[in-house]
Amino acid sequence: MSSWRSSGGGGGGGRSGRDGGGSSRHTSGGGGGGGRSERQPSRNRGGPGGASSSNAPPSKNAPLVVDGVTSGTIATIIQGTFTVFSENHGKPVYKKDPKSGSKSNSDVTVLIYFWDQRDGPRFSGWWFGPKVGGDQVWAYTPHDEPVPPKTGWRIPWDGDVDGSMRVSASSSSSSAIGRGSAIGGGGDGRAHAREDTRPTTSGRDDTRRRDDDHRRRDRSGRREDGKRREEDDRRKRREEEDRRRREKEREEAKRRDEERRRREEEDRRRRDEERRKADEKRKREEEAKRRETAAVLDVRRVMQAVRIATPDTFNNVRTELESAIKNNYTAMGSQAANLKQEAEDILKDTERRVQEAEKRRREEEKRREEELATLAELLAQGRKANAEFEALLMKAQEAVKDFPPTSIEDLEPSALLEQTSAATKAVEEAKSSIDKAKSWMAEHHKDLTANRAERQTQVDWHALQTGFDTGKANLAKLLEKVDKTKTLAEGKKQAMDQEKERRERFENFDSDQDGVLSCDDIVKFGKSIHRLEAPEEVFAKIYAALKPVTYDKFRALHRKLAVAKWEKIARERRAEEERIKKEQAERRAKAQEILDASIALLAAAEDKLGVCEGDARDLTRDLEKTADTMKAVAAKVKEVSQVIAKEAADAGEKVKELKAQCVGHSELLDYEEKDAPRMEKRVERISVRLGSLEATLKAAMQRAASKAHQEVDEHLTHFVAALHKHIGDSDVSRESVFDKYAAGSEDLTLEGFTKLCEGLDDLPSDAKKLSELMTYMTSSTEESELVLTKERFLQTSTLYYKCVRSTVCSEDITIKSKTVRRLEPGDIVQAIGGARTEEGANVRRVNCQLVGDTSVSGWITIQGNQGTPFLVPDGNFFNHGEKKKKKNEEEEEAEGSNNKTKEEEEEQQEEEEEVEVAKEEVKEEKKDEEE
């Protein structure tokens, strides 16, 4: 249902008396096909007639008529004729005929539908609304009859019950209802036909009884209507009493409100009077406080002027303070005495301060005179240093006036160097003088600042500093001229020295001293000076290009020999580079060959490893493989894994060889830093995967062994079951079976065991399976020793049962024989013989012995004649022993755990006792200290 109904209030309520009567009528009418009226006996074949039909509950498919609604607005909507429209929540949905009811709401869809308890019991019942499960509803009843009840409808849905509203079957369909009851509700047509053929007196009696029933139900309904009207009257009286009580409570509340307002008004007037008096008192106190504050502020203003007074203004402000205290003494009130004392203290302090200030002023004037004298002396010394510097500067300018010369071609370099040396000395002297003067001025500049020199003195001092700076800049220019001239002189001297050296060298290599070098002279010159070791053709070519080689061509000869030497060096370098490139290419080719080999090995190993891993995974996932298949696949995978390991090891050796090849060769750096580590990682990954594969194989082999053990164990279980079935059907013992197939021997051979198995039902005749079964039973590891002793045969062919339902153990095969013991679920028994059929109850029983108590033995029912199991097979000799061993281990482990827990608890208790003893000792020590 929609959410607004959940928040709309109660829609439930008890079922009314008329509703109960309607339900009774519905039951009667549906079962008997309706009653017949005495006044209309002719309608006894057609079903209910006349007044009887109007009191009967409507059929599911019968049209309904809604009328008697007291609410005018809702009456025009829901009153009218309804027919079956559809179904909702297992009950019919009725739709109003637009032509019936009010014409003003003929276009409004009106439905009667049922809603179950899926939204809670408050919303379960029959509803009037325009849509099934919609938000808008007009009427509601909580009843859950198959069809809408006749009465008990609430309008609106969360309001009171409308006692006059009726929902009844349409009178126009009474004949159809009768026919439907005769056909479907009250039995088939043949039954009515047979009833009509009865004597007329019997029919009248039946009609009279039905009419009496209808009259009783009508009287009951009228009584219930009377009860409901009485209940309505009582409810109205209660409502009237509640209304009067509420009216009385409202009057009492109104009187209390007036009394409360009167008291509040008196309290308000009293508080206002008290507040007015308090305000007047506060204003008077504030006015006195204001005058006192103004007087105090006036005096303090003058006191502040006294505090900051100077020697020149002290007398005036002292007179003003005395006048202010005199004029405001009365107005200051309680603060007058304190302010007067404070003013006297201030006057004393200010007078002392003024006297000290006057003394400091006289001392300052004296110090200032001394500072001026010091400044005048410093200025005089500076001017003296400036005069000395200007003299040295003029001397340096005189020495440098001809520098640099306009032409030095005709000048002797030695004489020019002597002049530059003298000029440099003069400039250095002037520079030394100015450096001393600037240092002195920088040293005494702090005296100028500390003595607070006058403006003119500072201007003169800075003028001296500017003059020194300008003179130093002029000295730098003079020194630059001197350096330039010196550089020219030294260059010319060097050129003359080189020319002289070059001519001497030419003359040294000129063997015939004719001023021309021969080809042999050029060869000697090239080998001696240029260290040129070249073929004779090179020297001949140079000689031919410069012939005749005079002194004028000596520099050209130098250049050509140098070019020839560098060409030879370039050729040798190119040849060396080619050789190195060839060797590098060969090394790279070899390294690539090693890398390709390792890649091929790793690729092959990885491909095989992927296949092996897939096979190994199948071994762990495929539960349908037999143990032999698993062992064969595991052996194959292990063999291939050994090949993979060898290939991975070979690849690792190749990687080591590649790294050794790269040592000391920078051109193989990419192989060493990129390819080799990558290959090592691949080898390492293969090793890790091989380790995982080995672990998987190990688990698979263990699983194969476990499965083989499980298979042969299951085979043994089948063998034991078949053997016991055989001895039960044949009424023989296991000992006689063993003696038969042992052929008089004490041991049963594999051949005899095979014949025994062939004689049993539902056992495989595979020789290998039988050999494995006998090996399992003998617990032997060699096939040559496959002989089964009688004792071992009886042990391993033992069959165990587990009790799953309480039953009894009897002395004999018959069920009614004496009970030996009652078995409970979980008890284990051992079969002594084969199972046999008890003819009386037709059930299978087996002679067993209780495991753990050999004194209890007898016959037990395996399964009841209704299929109820009492005993189920519980394994063979081996797995029963394993279960018992496991149970003992669990009990021992539990007992050990309990012992361990007990020991831990004892240790913990001892520790707690020690802690308590220590606490008591500490308390005793504290107590002794306090005493």
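This is a predicted model: local features need pLDDT of at least 70, side-chain atom pairs count only at pLDDT 80 or more; totals for chains, interfaces and linings use all residues.
Trainee: How many helices and strands does the protein chain have, and what makes a segment count as one?

Mentor: There are 21 helices and 17 strands. Both are DSSP runs numbered from the N terminus: helices are H or I with at least four residues, and strands are E with at least two.

Trainee: Why is tyrosine 140 called buried?

Mentor: Buried means under 20% relative accessible area, exposed means over 50%, and partly exposed lies in between, with a 1.4 Å probe and protein chains only. Tyrosine 140 has a relative accessible area of 0%, so it is buried. Tryptophan 157, at 4%, is therefore buried as well. Of the 931 residues of the protein chain, 33% count as buried.

Trainee: Why is glycine 163 given another label, and where does it lie?

Mentor: Glycine 163 has 34% relative accessibility, and therefore counts as partly exposed. It lies in the loop between β6 and β7. Its C-alpha atom is separated by 7.7 Å from that of tryptophan 153, 10 residues apart along the chain.

Trainee: Is serine 334 buried or exposed, and how do you know?

Mentor: The relative accessible area of serine 334 is 63%, so this residue is exposed. Serine 334 is found in the loop between α8 (314-328) and α9. Serine 334 and glutamate 292 are 42 residues apart in sequence and 8.8 Å apart in space, C-alpha to C-alpha.

Trainee: What can be said of threonine 350, and what does it touch?

Mentor: Threonine 350, in helix α9 (residues 336-399), has a relative accessible area of 3% and is therefore buried. Contact means heavy atoms within 4.5 Å. Leaving aside residues up to four places away in sequence, threonine 350 touches Val306, Arg307, Ala309 and Phe314.

Trainee: Why is the pair of tyrosine 140 and tryptophan 157 called edge-to-face?

Mentor: Rings of Phe, Tyr and Trp (its six-membered ring) pair if their centres lie within 6.5 Å; planes under 30 degrees apart count as stacked, over 60 as edge-to-face and the rest as tilted. Phenylalanine 82 and phenylalanine 128 provide one example, edge-to-face at 5.8 Å centre to centre with 85° between the planes. For tyrosine 140 and tryptophan 157, the centres are 6.5 Å apart and the planes are at 80°, so that pair is edge-to-face too. It links tyrosine 140 in strand β6 (residues 139-141) with tryptophan 157 in the loop between β6 and β7 (166-169), 17 residues apart.

Trainee: Which residues form an aromatic cluster?

Mentor: Phe123, Trp127, Tyr140 and Trp157 form one. The structure holds nine aromatic pairs.

Trainee: What makes lysine 91 count as lying over the face of phenylalanine 114?

Mentor: The rule asks that NZ of Lys or CZ of Arg be within 6 Å of the ring centre and within 35 degrees of the ring normal. Lysine 91 lies over the face of phenylalanine 114, at 3.9 Å from the ring centre.

Trainee: Which residues of helix α18 are buried, and how do you know that they share a side?

Mentor: In α18 (residues 750-758), Gly752, Phe753, Leu756 and Cys757 are buried. They cover an arc of only 140° around the axis, which puts them on the same side of α18; the arc is that of the directions from the helix axis to the C-beta atoms. The face turned away from the buried side carries the exposed residues Glu751 and Glu758. Among the elements covering the buried residues are α16 (669-730) and α19 (767-778).

Trainee: What makes a set of residues a nonpolar core, and which members touch the most others in the largest one?

Mentor: A nonpolar core is a set of buried Ala, Val, Leu, Ile, Met, Phe, Trp, Tyr and Cys residues joined through side-chain atoms within 4.5 Å. In the largest core, of 39 residues, Phe719, Phe753, Phe793 and Tyr801 touch the most other members. Its largest share, seven residues, comes from α16.

Methods. Residues are numbered from 1 along each chain as its sequence is written. Side-chain values use heavy atoms; hydrogens and water are left out.
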